[in-house]
Amino acid sequence: MQKNAIPMILDGDPGHDDAIAWVVAQASRLTDGICDIRAVTAVGGNVSLKKTTYNMLRVCTLIGLTDVPLAAGAAHPLMRELMSAPSVHGESGLDGPALPEPGVSLCGLSAVELMAKVLRESAEKVTIVSTGPLTNTAALLIAHPELKEKIERISLMGGGVAYGNWTPAAEFNILVDPEAADIVFKSGVPVVMSGLDVTEKALILKEDVERIKSFHTRVGDIVWQWLEFFYQFHRKIGYAGAPMHDPCAVMVLLHPELFTIREYYIEVETGGEYCRGATIADVRHITQNPPNVSAVMDLDREKFVDHLIRAVEVYR
Ligand code: BDR
Ligand code: CA
């Protein structure tokens, strides 16, 4: 294993931006070896588990991530019905370009069993990169508290110190399963939260899409069409570009120097009439509780985009 490698499990609900996060992670694995991907797991979120699992298999096939175990996890949140987001990602969860049919199969374990196996068998601590609702990760913590020590950190896309995107207070991934998020935030495992504060600044603009379009590669052609799909949707609702939410959760591990990170004590609102799913940061240290979250607040957008585009360029 490479000296500065980061053993990791990718857990998500692909999802255009989940898929691009995985493109970035696999590009690192193929080049500098820093992302040492040990498993990929799917969770119900943007669309049903059946669809996110199918998408996981198709994305992993596309990017050649076919030599690590893949598993399906929770179909719905710990205590609630699944609330999905077909308006953002389309009915398939990955609308836009045609994708290859899966050339890989599930490993036969559930996501929690697979995560536990990876943690147990790893000599080093493992990072969980969670880009969907936190249901699988919370279920792992509930089922295997003894493995907590083996988790280096949970780098998640979710929440936001300042505002939400699905309600005024809540971001989608946290809102879908606030109880799971609560378990994760209270777990004592270091949490790196790439919330809307940073991810809505991680914008892909039209000219960035054009750069990828000019590659004329198999993976590049799919990625620019995913970006175009995401860009068009977000322009319609007032964004200046396509927010690369989920890639932030990978990129902050690879290039922390691009990001502004603050240490906060953060709690998740699981009840409430208006604020369910909000991540409440004690910015003023009112509670005097020690920080439990490294909250990613800002980034160097241009360098971020350069790294993302260079990752796509790795695929020929
Ligand atoms: C999050 O919600 C999903 O639609 C995206 O994939 C991302 O993980 C952004 O709120
Ligand atoms: Ca996602």
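Leaving aside neighbours within four places in sequence, Ser84 is in contact with Gly45, Asn46, Val47, Trp166 and Phe172, where contact means heavy atoms within 4.5 Å. The residue sits in the loop between strand E3 (70–72) and helix H3 (86–89), the helices (H or I, at least four residues) and strands (E, at least two) being DSSP runs numbered from the N terminus. At 32% relative accessibility Ser84 counts as partly exposed, on a scale where buried means under 20% relative accessible area, exposed over 50% and partly exposed in between, computed with a 1.4 Å probe on protein chains only. Ser84 and Asn173 are 89 residues apart in sequence, yet their C-alpha atoms are 9.7 Å apart in space.

This is a predicted model, in which local features need pLDDT of at least 70 and side-chain atom pairs count only at pLDDT 80 or more, while totals for chains, interfaces and linings use all residues. Residues are numbered from 1 along each chain as its sequence is written, chains are lettered from A and ligands numbered from 1 in the order in which they are written, and side-chain values use heavy atoms, with hydrogens and water left out.

**Two helix pairs**

Two packed helices are described by the angle between their axes and the distance between the axes. The axes are lines fitted to C-alpha atoms, for helices over the stretch in contact, and the angles run from 0 to 180 degrees between N-to-C directions.

| Helix pair | Angle | Axis distance | Handedness of crossing |
|---|---|---|---|
| H1 (residues 16–30) and H11 | about 25 degrees | 6 Å | right-handed |
| H5 (residues 135–143) and H7 (residues 178–185) | about 55 degrees | 8 Å | left-handed |

A crossing is left-handed if the near helix is turned anticlockwise from the far one by less than a right angle, and right-handed if clockwise. Angles under 35 degrees count as roughly parallel, over 145 as roughly antiparallel, 65 to 115 as roughly perpendicular and the rest as oblique.

H1 and H11 pack at about 25 degrees, which makes H1 roughly parallel to H11. Asp17, Asp18, Ile20, Ala21, Val24, Ala25 and Ser28 of H1 make this contact with His245, Asp246, Pro247, Val250, Met251 and Leu254 of H11. By class, the contact of H1 with H11 has eight nonpolar, two polar and three charged residues, where Ala, Val, Leu, Ile, Met, Phe, Trp, Tyr, Cys and Pro count as nonpolar, Asp, Glu, Lys and Arg as charged, and the others, Gly among them, as polar. Because 10 of the 10 residues of H11 are buried, H11 is largely enclosed by the rest of the structure.

H5 and H7 are oblique to each other. Thr135, Thr137, Ala138, Leu141 and Ile142 in H5 meet Ala180, Ile183 and Val184 in H7, and this contact has six nonpolar, two polar and no charged residues. H7 is mostly covered, with seven of its eight residues buried, namely Pro178, Glu179, Ala180, Ala181, Asp182, Val184 and Phe185.

**Backbone features in loops**

Most residues other than glycine have a negative phi, and most peptide bonds are trans. The peptide bond from Pro14 to Gly15, however, is cis, with omega near -15 degrees. Pro14 is found in the loop between E1 and H1 and is buried, with a relative accessible area of 0%. Not counting residues up to four places away in sequence, Pro14 touches Ala19, Trp22, Thr52, Asn55, Met56, Gly93 and Leu94.

His216, in the loop between helix H9 (206–213) and helix H10 (218–236), has a positive phi near 55 degrees and is exposed at 64% relative accessibility. His285 also has a positive phi, of about 55 degrees; His285 lies in the loop between strand E11 (279–281) and strand E12 (293–299) and is exposed, with a relative accessible area of 52%.
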